[in-house]
Amino acid sequence: MRILLAEDVHMIRGALVALLQLEPDLHVVTTVDRGDTIVKAALESQPDVAIIDIDLPGIDGLTAAAELHKQLPSCRTLILTSLGRPGTLRRALSARVSGFLLKDSPPDQLALAVRSVAAGRRVVDPQLALTAWDLPDNPLSPRELEVLRLAARGADAAEIAGCLYLSKGTVRNYLTAIVGKLGARNRIDAIRIAEEAGWLP
């Protein structure tokens, strides 16, 4: 089984490669440390499974996984994350990933997960799946998420307006709507709620 591994932390990447190479049927054919190099590396190496860290420089792992699914549908994707947030799991499933594994899972779970997704099965942490089932859908529109994402990075209304080509008044209206939809006390509370739910990538 041919594997592509995308992980930006050198020590973790090395440990994962060593762990996978202990399995006689698993072979790591290429490793990358950036999300924006995954598709190119996969097209060159033709892996059966891509193990992708969710938090990568360049583009995030979920965006890369969605693009990989379009360009190389034969390659299954297994997302690794330290963020066990239900909203993140929902984003992963909508990106057509085959598996979602927490980084603190027991080491033997990784090889089992790789084999399962290669066989066409979905692998998801059961407790996280149940929590995601109970989580309400994200009530924010794509534009509201853009506004909140910029606010979470510290941008004020004027900076957000400049980035999104909106008026300051429109941005303030969006922020007020966001706070209301999330039942938040203020903008900071809205950011916290969205981040904890996994709605802000």
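Start by selecting helix H8 (residues 157-164) and helix H9 (residues 168-182), which pack at an angle of about 105° with their axes 8 Å apart. Helices here are DSSP runs of H or I with at least four residues, strands are runs of E with at least two, and both are numbered from the N terminus. The axes are lines fitted to C-alpha atoms, for helices over the stretch in contact, and angles run from 0 to 180 degrees between N-to-C directions. H8 and H9 are therefore roughly perpendicular to each other (65 to 115 degrees counts as roughly perpendicular). Now show the side chains where they meet: Ala157, Ala158, Ile160 and Ala161 in H8 meet Lys168, Val171 and Arg172 in H9, where contact means heavy atoms within 4.5 Å.

A quick note on what you are viewing: this is a predicted model, in which local features need pLDDT of at least 70 and side-chain atom pairs count only at pLDDT 80 or more, while totals for chains, interfaces and linings use all residues. Residues are numbered from 1 along each chain as its sequence is written, and side-chain values use heavy atoms, leaving out hydrogens and water.

Next, turn to the strands. What is the order of the 6 strands in the open sheet? The order is E2-E1-E3-E4-E5-E6, with parallel pairing (two strands pair if DSSP finds at least two bridges between them). Strand E2 (27-32) and strand E6 (123-124) stand at the edges with a single partner strand each, so one side of each has no neighbour in the sheet.

Zoom in on strand E3 (residues 49-53) and strand E4 (residues 76-81), a parallel pair with 5 bridges. Within this pair, Ile51 has Leu78 in E4 as its bridge partner.

Stay in E3 and select Asp53. Is Asp53 buried or exposed? Asp53 counts as buried, at 4% relative accessibility (buried means under 20% relative accessible area, exposed over 50%, partly exposed in between, with a 1.4 Å probe and protein chains only). Leaving aside residues up to four places away in sequence, Asp53 touches Ala6, Glu7, Asp8, Gly61, Leu80 and Lys103.

Technical notes:
Angles under 35 degrees count as roughly parallel, over 145 as roughly antiparallel, 65 to 115 as roughly perpendicular and the rest as oblique.
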